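Hello,

Here is the structure for your files. My notes on the chain contact follow.

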Number of protein chains: 2
Amino acid sequence: MTAHDPVIACGNCPIRHNAICAECEADELSMLERAKSYKTVPVGTPLARAGEPLSHFSSLVKGCAAMSRTLEDGRRQTVGLLLPSDFIGRPGRATSPFDVTALSEVTLCRFERTAFERIVRDTPHVASRLLTMTLDELDAARDWAVVLGRMTAREKLAAFLLNLAQRQRSVRGMARPSGKILVALPMSREQMGDHLGLTIETISRQITALRKDGLIEVPSRQDIRILDYDALAFEAGDDGDGAPIA
Amino acid sequence: MTAHDPVIACGNCPIRHNAICAECEADELSMLERAKSYKTVPVGTPLARAGEPLSHFSSLVKGCAAMSRTLEDGRRQTVGLLLPSDFIGRPGRATSPFDVTALSEVTLCRFERTAFERIVRDTPHVASRLLTMTLDELDAARDWAVVLGRMTAREKLAAFLLNLAQRQRSVRGMARPSGKILVALPMSREQMGDHLGLTIETISRQITALRKDGLIEVPSRQDIRILDYDALAFEAGDDGDGAPIA
DNA sequence: GCGTCCACTTGACTTGGATCAATGCCGCCG
DNA sequence: CGGCGGCATTGATCCAAGTCAAGTGGACGC
């Protein structure tokens, strides 16, 4: 993206990790250092509420959160699952268009919003990195539209498990996995339903079906072991051409 | 977003229109001028194919296009409707993740990809504008997920008509409309179905239903007149709080 | 160790939208 | 002007997922 490769790493904080490079002045680094602060919150904490002001731009360092919208009659749709390296908020807008809720204990790397806007404006590496991240999120959101609009319940569940497996692995630095993979479900069946546009009962039935078909094991409520990655990818309508399912 | 307001306008081309400002050097302007070229193609032209290289970054100046993915079994989902000011392609990636097809005669303002990447890198205003546009598209894509995941066929159609009405008006510089509005449908029933995750028959039935309920008129196959904007917004689950339906 | 609670699972039935099958309508071309 | 072809509408039926209603089972407190 830029002429500089990221060099200086900083734990799981993607802003500093990806946006600062050794060739650039130390000023940028110290500016980011001064502006950022870490915060850890327990499971269930609302990190943002739709329409309400958001004082910080944050990047998720640890844990898992869900971005969702709830209609007046109670129907809820999760529009994004946030895992480490994903961000909350945006420069140039004071309010969040969605609710964001911590699905587990969550650690955030936070930047006060106006300070962050200044950083984005003055630091081409950060702006460039943020653009790349946003474009990637956009592609992922559009991929997910295919799942929501055109897939059966079984395909939706398979796509979800594969997506989760890939993202959990990629955080740990692994490429496309294969064979048996233990996937940690950081959410209840209800939240899975909200993510996939299904009811809790349908989620439950499809988990049972995939289990009976030998594609997955369910060691506990919050874990699913994928027994045959490629077979599950086939169920998800992924023809194996590497097209990412979100 | 930036310290500079856009001043120089250029027809419907959003890059130059929004990204260049009178306070900045003339160099930026002439660089963009040299790099860009216009191209007009007839209805049905493929503007991009999923997985295949994309030589240009383009912005849509006139007409309408659909971004879609087709599964192997023929199921298709439109993941984005492109209207004037929307863009095709992205810096930093040579291939398109989706098919893009012209739904009408389309005029593009095109920048050769590597030249555009240089412009984005060297011109903070363009980069900043592109980031804002991408963040807006991301919000819109996530809003659409609520429609696809949680709405009934009737609600989906209502949301679609409202969305189209708003976007067609906003191009012409109007805010949220009300009363009777003629919406031009730049697509077949099949393409509407692909956009909403419904079949052609369901689209047809729901149009008939909304017409019989006095919410819309159907003067021709490619036009729908909204008779009561607020009532239609109610059908779409829009509580009128101004929350955009995509 | 025993009850209680709550999330999950399973079963029975309903229903919204898909599917299959005509039929209608309009534009176009000879 | 008349026939042809493709899109759109309408009707009849089917089925996947939703809804409503019991169970189950593991975690936790007492």
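Contact here means heavy atoms within 4.5 Å. On that rule, 47 residues of chain B and 47 residues of chain A take part.

This is a predicted model: local features need pLDDT of at least 70, side-chain atom pairs count only at pLDDT 80 or more, and totals for chains, interfaces and linings use all residues. Residues are numbered from 1 along each chain as written, chains are lettered from A and ligands numbered from 1 in written order, and side-chain values use heavy atoms, without hydrogens and water.

**The interface**

The two chains bury about 4200 Å² between them, 60% of it on carbon and sulfur atoms. Buried area is the accessible area (1.4 Å probe) lost when two parts are put together, summed over both.

The rule finds 16 salt bridges across the interface. A salt bridge needs a side-chain nitrogen of Lys or Arg within 4 Å of a carboxyl oxygen of Asp or Glu. Asp194(A) and Arg150(B) form a salt bridge at 3.2 Å, N to O.

On chain B, the elements giving two or more residues to the side that touches chain A are S4 (65-70), S5 (76-82), H3 (113-122), H4 (124-150) and H6 (189-196). Helices (H or I, at least four residues) and strands (E, at least two) are DSSP runs, numbered from the N terminus. H4(B) gives the largest share, 17 residues.

**Cysteines**

There are zero disulfides over all chains; the cut-off is a pair of cysteine sulfur atoms within 2.5 Å. Cys64(A) counts as buried, at 2% relative accessibility. Cys64(B) also counts as buried, at 2%. Buried means under 20% relative accessible area, exposed over 50%, partly exposed in between (1.4 Å probe, protein chains only).

Best wishes
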